[in-house]
Amino acid sequence: MAQTVLHRADTRGVADHGWLKSFQSFSFSGYYNPERINFGALRVLNDDIVTGGKGFGEHPHDNMEIISIPLEGELTHKDSMGNVATIKAGEIQLMSAGTGIYHSEYNLDPSKPAKFLQIWLFPNKRNVEPRYDQIILNNDDVRNQFVQVLSPNQDDEGVWIYQDAWFNLGKFDENITTNYNLHQKGNGVYVFLLKGKIKINGQVLDNRDGFGIWDTETFEITTLADSELLLMEVPMTF
Amino acid sequence: MIEILIIGTNQPIMETVKRLIDRDGKWFATIAFSYQEACELCLEKDFSLALFGGGLTGEEEKELQTYFSQVKPKLPIVKHYGGGSGLLYAEIYQAIG
């Protein structure tokens with residue numbers, strides 16, 4: 001029988017640094033909740049808003065798969081591998097920190113905030129050579145079906161990472177029912193509702209609610225309003 | 001003061017991790033840049049926690065865990081993920097309460 005966990009949007013950690021407002025689904029920085037450390041290999045899900053003209057100064061990471069999904073505005077990325085790039089809504093960015101990487105992320109447009117999801121996964125391989133990737137998703141016109149944006153496979157849709165994880169984004173009309181079939185035994189799915197209202201396994205979710213489901217091979221999602229959601233399938237043990 | 005041993009080969013990252021740990025005021029970090037240095041420091045000080053960073057080989061990590069389990073069997077060992085990591089404090093709290 002499927003096991004589930006519900007994280008309502010208003011129970012997330014909140015950090016307000018002036019230039020950054022961050023809503024944290026799992027313990028992060030000053031937010032510590034021993035009941036909210038991770039969902040399998042998913043360790044960080046931050047829903048961030050960066051004020052115009054501000055950003056994250058240069059800082060290091062190692063041995064973590066770091067995914068950014070911009071929702072509004074733009075962020076300019078620089079890293080110690082020499083990459084300089086701007087990411088915006090409709091794109092996805094991936095950093096495999098591996099043996100160590102420094103990077104900065106700035107919203108250079110003083111006139112509007114940048115909103116994005118910051119997602120960190122534990123890797124399945126430590127001390128790999130650091131790697132950066134960024135792709136355009138081309139999913140603007142796709143409705144009522146999921147679009148894969150991340151996988152473990154280099155020749156598959158979306159960016160690839162060092163973990164047996166699959167991410168899908170979807171925009172759905174009201175009253176659509178769809179099934180998600182997990183790729184791998186032992187994985188679970190963390191559903192993050194970006195917008196709208198949906199029902200999964202009898203549970204109704206609203207904007208920015210998170211819902212984890214595991215010990216199942218498939219589950220059904222029904223939209224109760226026009227909705228946008230992100231599905232993150234990750235190993236529950238790693 | 002809680003003594004924390006941090007182990008990793010990337011000097012700037014280790015220095016950032018140490019700065020973040022020391023900033024707390026209740027914790028003090030000592031850096032080991034190699035397997036050998038970690039073994040030696042472990043005998044010199046009474047650490048409450050060992051944090052494994054990047055750069056050690058998988059074999060070195062296993063050997064260190066084995067070594068620590070023999071000479072300091074109660075020493076908790078956790079992995080960390082870089083000095084900019086928002087995870088650092090949560091990982092420490094999880095390990096030592």
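**Reading two chains in contact**

Colleague: How many residues of chain A are in contact with chain B?

Modeller: In this predicted model, 19 residues of chain A are in contact with 19 residues of chain B; contact means that C-beta atoms, placed from the backbone, lie within 7 Å. Local features need pLDDT of at least 70, side-chain atom pairs count only at pLDDT 80 or more, and totals for chains, interfaces and linings use all residues. Residues are numbered from 1 along each chain as its sequence is written, with chains lettered from A and ligands numbered from 1 in the order in which they are written.

Colleague: Which strand of chain A gives the largest share of that side?

Modeller: Strands are DSSP runs of E, at least two residues, and helices are runs of H or I, at least four, numbered from the N terminus. Strand 5 of chain A gives the largest share, 3 residues.

Colleague: Where does strand 5 of chain A stand in its sheet?

Modeller: Strands pair if DSSP finds at least two bridges between them. The open sheet has 4 strands in the order 5-10-7-8 (chain A), paired antiparallel. Strand 5 (55–61) and strand 8 (84–88) of chain A are at the edges with a single partner strand each, so one side of each has no neighbour in the sheet. Further in, 4 bridges join strand 7 (residues 74–79) of chain A to strand 10 (residues 101–106) of chain A, and A:Asp79 stands opposite A:His103 in strand 10 of chain A.

Colleague: And what pattern does chain B follow along the sequence?

Modeller: Chain B reads β-α-β-α-β-α-β-α, with 4 helices and 4 strands.

Technical notes: Contact = placed C-beta atoms within 7 Å.
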